[in-house]
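Colleague: Please walk me through this model, one label at a time. I want the criterion behind each label.

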Amino acid sequence: MNFPKDLKYTNNDEWVRVEGDTAVIGITDYAQDQLSDVVFVEYIVAEGDSAARGDVCATVESVKAAADVYLPVSGEVIAVNEALIDAPETVNSDPYGEAWMIKVKLSDPSELDELLDAAAYEALDRDH
Amino acid sequence: MTEFTAPKPVEPTVYDLSSPGRQGAYFPQPDIPLADLPEDLLRQDLPLPELAEIDVVRHFTRLSQLNHGVDTGFYPLGSCTMKFNPKINEVVARLPGFAQIHPLQPIETVQGALGLMYETQEWLKAISGYDAVSLQPAAGAHGELTGVLIIRAYHLARGDHKRVKMLIPDSAHGTNPASSAMSGLEIIEIPSDARGNVDLEALRAHCDDTLAGLMITNPNTLGLFDENLTEVCQLVHQAGGLVYGDGANLNALMGIARPADYGIDVMHFNLHKTFSTPHGGGGPGSGPVGVTAKLAPFLPGPIAAVVEEAAGEEPPLYGLVNPEQSIGRVKAFHGHFGVIVRAFTYMLMLGEEGLRAASEHAVLNANYLQARLRDAYHIPYDRICMHEFVMEGRWEDVPDVHALDISKRLMDFGFHPPTNYFPLIVHEALMIEPTETESKETLDAFVEALLQIAEEAHTQPEVLKTAPHNTPFGRLDEVKAARDLVLCCWLPESASA
């Protein structure tokens, strides 16, 4: 399982890549593996929305389960990856690259400090 | 490598069987003038199949033989209580006094039916400890929605408008959050502790004056009786909230524990689970709701009642009443009456002692399976279970084998797979509910199959990955089915543009 060192992570299996004042958000390799084959990606937020950390921003559905994706940081949504709607399998094949989901213009960069680094994310207790 | 027989031929569609000019019935020439359909309503692109009656009968009989049902084999689908449905239920439901009446008949002419509804309410009250029951809801999730609307109506009737939060443990049924969301409430998930009970610390953090209530499934979806249940209910009540009970797992408790005694204020019953009415294939279900006295005024009506007491030789007169602050109708007429007849028949056939024995044997059967499978499969919350239990369908030394592969392989042995991938708090969950109606021989055969599958997972995992082998179809492409959903075997030309 792959957890790039240059990303930040949440307990809920989202990743964040910081690009200047923008946060790029997706779900982790662990999340896609647990979900198995993803068959739908639906966005709850749209470009231009202001959204707060913890808001549900997307729903990812696989043959096993449906999971909510929570915004790891607050800010204005500046892009959603529409390509995933037609090609949800990208979430399985390239979770950190082509399958980015949402870009947010950070309204409070200090929120980034509360996210996990790769080592802390990998060390999460998965049994309970 | 195990050898498998080739799959049986697949039944063609009615369109494949169609032959031009073939017909099932011939109508006599009418003795009134014929009128043609208006030109603009005629369609040329509707290829209705043309078949004789025998073609249709054989087609659907053959299709029915491809099905797996509780009448053809073991069906341990966790949380669904796929117990045998005794055939006497069907006989009674077909009695003309029940089958050939109309809900708008004068009540004096349907006293038997109303009496049956009243008695069913009384039996459900006795089993659960509630003060009032409505038979209206059409099935389990509909009962949940009804119950949550009752909770909402209760708070609003008291002028308490702040209560917008519904707490739902992560071991609850998946329909619970949906029912609360449909009622306009905000949903907050409460985690389980290491023993599979509701985590009391997490619960306390949300018990404030915005709490509408909590929806608990007990026994929960791990098949465990929540050891904190009384305290959970107390905490919610102290904060001014109400407790909803998902009664889908009542089959573990009949005659042993009454939900009302634990502090659960409102609960639905699944007649199609606990009380042996048809279940798969659309049922229909039936989800009566029981409530404590303070919620009784809000029940959906009409409810069967004694409107004139018995006097001397005169029997009581049954009628229908509407609770004074009722949330209103939730179903046309009186709910799924035919299903209620079946459930009442079941209760009478078993009697009080029999219902208790059913629950005891349901729990015994589940514990027997759990004990025999414990060494071969990991059971993450391993303690005495109720009517079902959850084990993991995975082994660390064969990471490519998943719960789905085990389920598919079970089909080769003639068993319906257990519930897969639920509850979500167990990895690769296999949720197994044998019910009380299975013999030790059936349970042993199921165990032997699962033990063989556990061995195959380690010695020849490809047998699991490519299963099932003995069914008319092999492994179906579920991903393609979900991504490329086509339900028509043909599309009218007008739709293709």
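What follows is a short exchange on the labels and their cut-offs.

Modeller: This is a predicted model, in which local features need pLDDT of at least 70, side-chain atom pairs count only at pLDDT 80 or more, and totals for chains, interfaces and linings use all residues. Residues are numbered from 1 along each chain as its sequence is written, while chains are lettered from A and ligands numbered from 1 in the order in which they are written.

Colleague: Why is B:S276 called buried?

Modeller: A residue is buried if 20 or more other C-beta atoms lie within 10 Å of its own, exposed if 12 or fewer, and partly exposed in between; the C-beta atoms are placed from the backbone. B:S276 has 26 other C-beta atoms within 10 Å, so it is buried. It lies in the loop between α11 (271-274) and β7 of chain B.

Colleague: What makes B:T435 buried?

Modeller: The count again. B:T435 has 25 other C-beta atoms within 10 Å, so it is buried. Its loop runs between β12 (429-432) and α14 (440-459) of chain B. Its phi is positive too, about 70°, although B:T435 is not a glycine.

Colleague: Which peptide bond with omega of about -5° is cis?

Modeller: The one joining B:N218 and B:P219. B:P219 is in the loop between β4 and α9 of chain B. The bond from B:G301 to B:P302 is also cis, with omega near 0°.

Colleague: How do you know that the buried residues of α9(B) line one face?

Modeller: First, the helix: helices (H or I, at least four residues) and strands (E, at least two) are DSSP runs, numbered from the N terminus. Helix α9 of chain B spans residues 229-238, and its buried residues are B:L229, B:V232, B:C233, B:L235 and B:V236. Seen down the axis, they fall within an arc of 160°, so they line one face of the helix. The arc is that of the directions from the helix axis to the C-beta atoms. On the other side, B:T230 and B:Q238 are exposed.

Colleague: What covers the buried residues of α9(B)?

Modeller: The cover includes α8 (200-204), β4 (211-217), β5 (242-247) and α10 (259-262) of chain B. Contact here means that C-beta atoms, placed from the backbone, lie within 7 Å.

Colleague: What makes a set of residues a nonpolar core?

Modeller: It is a set of buried Ala, Val, Leu, Ile, Met, Phe, Trp, Tyr and Cys residues joined through C-beta atoms within 7 Å. The largest such core has 112 residues; B:I150, B:V232, B:V266 and B:V291 have the most contacts inside it. Helix α12 (residues 337-373) of chain B gives the most to this core, with 14 residues.

Colleague: How do you know that strands β2 and β3 of chain A pair?

Modeller: Two strands pair if DSSP finds at least two bridges between them. Six bridges join β2 (residues 14-19) to β3 (residues 22-27) of chain A, so by that rule they pair. The two strands run antiparallel. A:V18 stands opposite A:A23 in β3(A).

Colleague: Which strands of chain A are at the edge of the sheet?

Modeller: The sheet is open, with six strands in the order β1-β2-β3-β9-β8-β5. The edge strands are β1 (8-9) and β5 (50-51), each pairing on one side only.

Technical notes. Two residues are in contact if their C-beta atoms, placed from the backbone, lie within 7 Å.
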